[in-house]
Amino acid sequence: MNPFHTLFRGLKSFILLWASQALSSMGSAMTSYALVIWTYGESGQAMSLSLLMLCSTLPSIALSFFAGALVDGLNKKRVMLFCDAGAALLSVLIWGLYATNQLNLAALCAITALINALNAFQIPASSVATTMLVPRDQYTRVGGLHAFSNALSSLLSPALATAVLSLGGLETVFCLDLASFFLAFGTLIFGIRLPEPPHARAAVQPGAVWARCKEGFRYLSEHGTLMRLILFFSAVNLLASMGGNGLMPALVLSRSSGNQALLGLVSSAIGLGSLLGSLGATLLPAPRRRMRLIFLCTGLSFALCDMTWGLSQSGWVWILGALLGNFPLPFLNANLTAILRERVPLSMQGRVFSARDTLQYATIPIGYVLGGFLADHVFEPLMRVSSPMRRLFAPLVGSGAGSGIAVLFILCGFLGLVMSLAQLLDRRYDGLERSMNTILPSEGISEGDSYRE
């Protein structure tokens, strides 16, 4: 038998949807990167980029609580088409404002917030659609494919956007983005049959929306191990955004005398590590002990990224740490999502996934703000004067520019590693170590339930 056919058995429709959506995401990522360059070029202020980043994350986090409840009662394909079309129209609006010299930071932030608000509905609809299209024993593999496309976009979109900007300008970037949208939109309309399960036919009454929203949190609360897992990753995201995810550029630039080429190499190493890890998560069989793998990958990432970056002043060590520290993350994300797909009934996945996103990602903007404040007003000042912190950490990180940020990285990495090891030893997660083919009876999914084509 063809090994490729065996490896991707039952994934024909999903791969068609995934490939077209990945191409569209690449176009959107190129546009986002080009607009970041345009924004900084217009204002010359880092705060303008922070505002743009907040507008590209906060609306989705705020609305995901309600979005999942609505999506569970709507046709998933129609939701995806509506959100894609809305995002495309808003991109055309940005293009029009730019072409008429009326684009400014306020307008760009407002439109970016609207696009991100649509993502709050697109994400749970797409997640449930994936569950409907994919055989249960392929959940981990499709998680690897999603990680692969995300990593490829992160790796290639900055270089592609820069090349297109230099050759054809921002208008060409907009054209490529819209072309990728039409391809994905057409594929979804004509190429994907997405049957709706019977329980999704019931309309959501306006008065019941709030009650349905709370059902996602109630489900997690009633399944305490799942809630404990989600809250753990809320803490992980807080630490990660306080350190590596939020302040890596500041660390590299401050400790390398503003070496932008080195920053580009570290950023590329992050994308390459994720790309290689996603290939492994896609091609390798699902692990027998998924929870153990999840916590090991989390701890390794904190140790190899945050702690290594903080302790070293060598660019090559930063690059190696970025590559090795991001390699485990696709395994982590693919297996975590597979557990949720397996354990949560299809009729509840929109609400539960949105509740998870609200809890898990709400700490990211807090971490960005808290990390920047601590770096600028606590750690950097304390490393410049005679202080207990300087006497303790100067032998490890030095005392020059960026040494305070390095201390923050070490502390975040150490806390993340300790938290991960503690979870690894927690026997309460043993119930989630069952086979991918085993479903908890209380969660209402039987082997006969199938909604894929």
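A residue counts as exposed when its relative accessible area is over 50%. The views below come from a predicted model.

**View 1. Asparagine 101 in the loop between α5 and α6.** The relative accessible area of asparagine 101 is 74%, so the residue is exposed. The loop that holds asparagine 101 runs between α5 (76-99) and α6 (105-133). The backbone of asparagine 101 has a phi near 60°. This is a positive value, and the residue is not a glycine.

**View 2. The salt bridge between arginine 290 and glutamate 342.** The closest N and O atoms of arginine 290 and glutamate 342 are 3.1 Å apart. Arginine 290 belongs to helix α12 (residues 290-311) and glutamate 342 to helix α14 (residues 329-343), so the contact ties together parts that lie 52 residues apart in sequence. The cut-off for a buried residue is under 20% relative accessible area. Arginine 290 has 1% relative accessibility and therefore counts as buried. Glutamate 342, at 0% relative accessibility, also counts as buried.

**View 3. The salt bridge between arginine 356 and aspartate 357.** Here the closest N and O atoms are 3.0 Å apart. Arginine 356 is buried, because its relative accessibility is 10%. Aspartate 357 is likewise buried, with a relative accessibility of 10%.

**View 4. The salt bridge between glutamate 380 and arginine 384.** The side chains of glutamate 380 and arginine 384 meet with an N to O distance of 3.7 Å. Helix α16 (residues 363-384) contains both partners. Glutamate 380 and arginine 384 are four residues apart, about one turn of that helix.

**View 5. A salt-bridge network of Arg290, Glu342 and Arg343.** Salt bridges with shared partners join Arg290, Glu342 and Arg343 into one network. Arg290 and Glu342 also form the pair with closest N and O atoms 3.1 Å apart. How many salt bridges does the count come to? The count comes to five salt bridges, under the rule that a side-chain nitrogen of Lys or Arg lies within 4 Å of a carboxyl oxygen of Asp or Glu.

Technical notes:
Residues numbered from 1 in each chain as written. Predicted model: local features only at pLDDT ≥ 70, side-chain atom pairs only at ≥ 80, totals over all residues. Heavy atoms only, no water. Helix = DSSP H or I, 4+ residues; strand = E, 2+ residues; numbered from the N terminus. Buried < 20%, exposed > 50% of the residue type's maximum accessible area, 1.4 Å probe, protein only.
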